[in-house]
Amino acid sequence: MSTLHALIFDVDGTLADTERDGHRPAFNAAFAEHGLDWHWDEALYGELLAITGGKERIRHYAERHAPEVAARPDIDALVKKLHAAKTAHYVQLVELGGLPLRPGIARLIAEARRTGIRLAIATTTSPENVSALLDASLAPGSADWFEVIGAGDIVPAKKPAPDIYRWVLDRLALPAENCLAIEDSANGLRAARAAGLRCLVTPNDYTAGDDFSGAWRVMADLQDVDLAAIAVPEI
Ligand code: XBP
Ligand code: MG
């Protein structure tokens with residue numbers, strides 16, 4: 001029997017549907033700003049999501065679709081510049097209130113706080129995106145509700161590597177069996193499982209076709225999650 005001491009949330013696709021109408025247009029705005037005629041439509045972006053991390057995604061795209069750009073001597077600096085511009089656009093979009101939380105998220109977080117279950121975040125996205133989203137879509141200052149926020153380049157190997165979950169578990173000083181990871185994608189699920197965590201998966205349009213074998217539960221949304229019922233022997 002393992003009792004639940006902490007919830008560890010993924011961000012993109014889990015807290016909110018941020019990819020199609022948040023990150024994607026922000027990437028496109030950054031490309032246009034830098035004179036690149038790249039446009040990531042909804043379908044292409046769905047494929048590119050297999051590459052986690054915005055800088056990694058830009059580099060992957062350049063290597064496959066724009067080899068002349070990938071071969072530029074300043075490619076590292078260009079990727080960094082594009083990504084910084086993309087982050088600024090994304091934060092702006094989030095601050096305008098364009099990305100509401102998914103159903104059940106706010107209630108689940110409130111219930112965890114009420115019942116003394118600790119909160120953490122393990123995400124591939126950049127830290128400034130996380131605080132902007134929490135501020136605008138959950139509550140101002142709500143990043144402070146999360147004891148540990150593992151984000152972006154804090155570990156070099158991004159999901160599906162387990163490193164970000166291990167980093168968060170280490171800082172929570174909790175064994176994996178006392179925590180539950182909440183994810184939306186196969187990459188996230190693989191990362192959580194490889195860190196020894198139970199993982200509740202809540203898919204979205206982009207991840208509905210992913211392979212979720214190994215998930216503790218797969219739920220369409222988090223409206224009916226009962227935290228009191230999670231102290232179960234399964235792992
Ligand atoms: C999803 C990601 C991120 C975002 C873009 O992260 O792979 O790269 O798509 O954000 P998660 P950045 O589901 O782990 O939250 O451009 O800041 O990387
Ligand atoms: Mg995700």
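How far apart do the C-alpha centres of domain 1 and domain 2 lie?

## Two domains

The answer is 24 Å. Keep in mind as you look around that this is a predicted model. Domain 1 is built from two stretches of the chain, 6-17 and 100-230, while domain 2 covers 19-95. Where the two touch, domain 1 brings 16 residues to the contact and domain 2 brings 20 residues.

The largest pocket holds about 660 Å³ of space. It is lined by 41 residues, and those closest to its centre are Asp 12, Glu 19, Leu 49, Asp 184 and Thr 207. Both domain 1 (6-17 + 100-230) and domain 2 (19-95) give residues to this lining, so the pocket lies between them.

What is the lining made of? By residue class, 19 of its residues are polar, 14 are charged and eight are nonpolar. Several helices take part: H1 (19-33), H2 (42-48), H3 (54-65), H5 (75-95) and H9 (186-194) each supply at least two lining residues. H1 gives the most, with five residues.

Asp 10 and Asp 184 link distant parts of the chain, being 174 residues apart. Asp 10 sits in the loop between strand S1 (6-9) and H1, whereas Asp 184 sits in the loop between strand S4 (179-183) and H9.

Are these two aspartates, Asp 10 and Asp 184, buried or exposed? Buried means under 20% relative accessible area. Asp 10 has 5% relative accessibility, so it counts as buried. Asp 184 is buried too, because its relative accessible area is 6%.

Pro 160 is found in the loop between strand S3 (148-150) and helix H8 (163-172).

Although Ala 173 is not a glycine, its phi is positive, at about 55°. This alanine lies in the loop between H8 and S4. With a relative accessible area of 64%, Ala 173 is exposed.

Key:
Residues numbered from 1 in each chain as written. Chains lettered and ligands numbered in written order. Predicted model: local features only at pLDDT ≥ 70, side-chain atom pairs only at ≥ 80, totals over all residues. Heavy atoms only, no water. 1 Å grid on protein atoms, 1.4 Å probe; cavity = no way out; pocket = protein on both sides within 12 Å on 5 of 7 lines; lining within 4 Å. Points joined across faces, edges and corners; volume = space filled by probe spheres on them. Helix = DSSP H or I, 4+ residues; strand = E, 2+ residues; numbered from the N terminus. Nonpolar A, V, L, I, M, F, W, Y, C, P; charged D, E, K, R; others polar. Domains from an automatic or database assignment. Buried < 20%, exposed > 50% of the residue type's maximum accessible area, 1.4 Å probe, protein only. Contact = heavy atoms within 4.5 Å.
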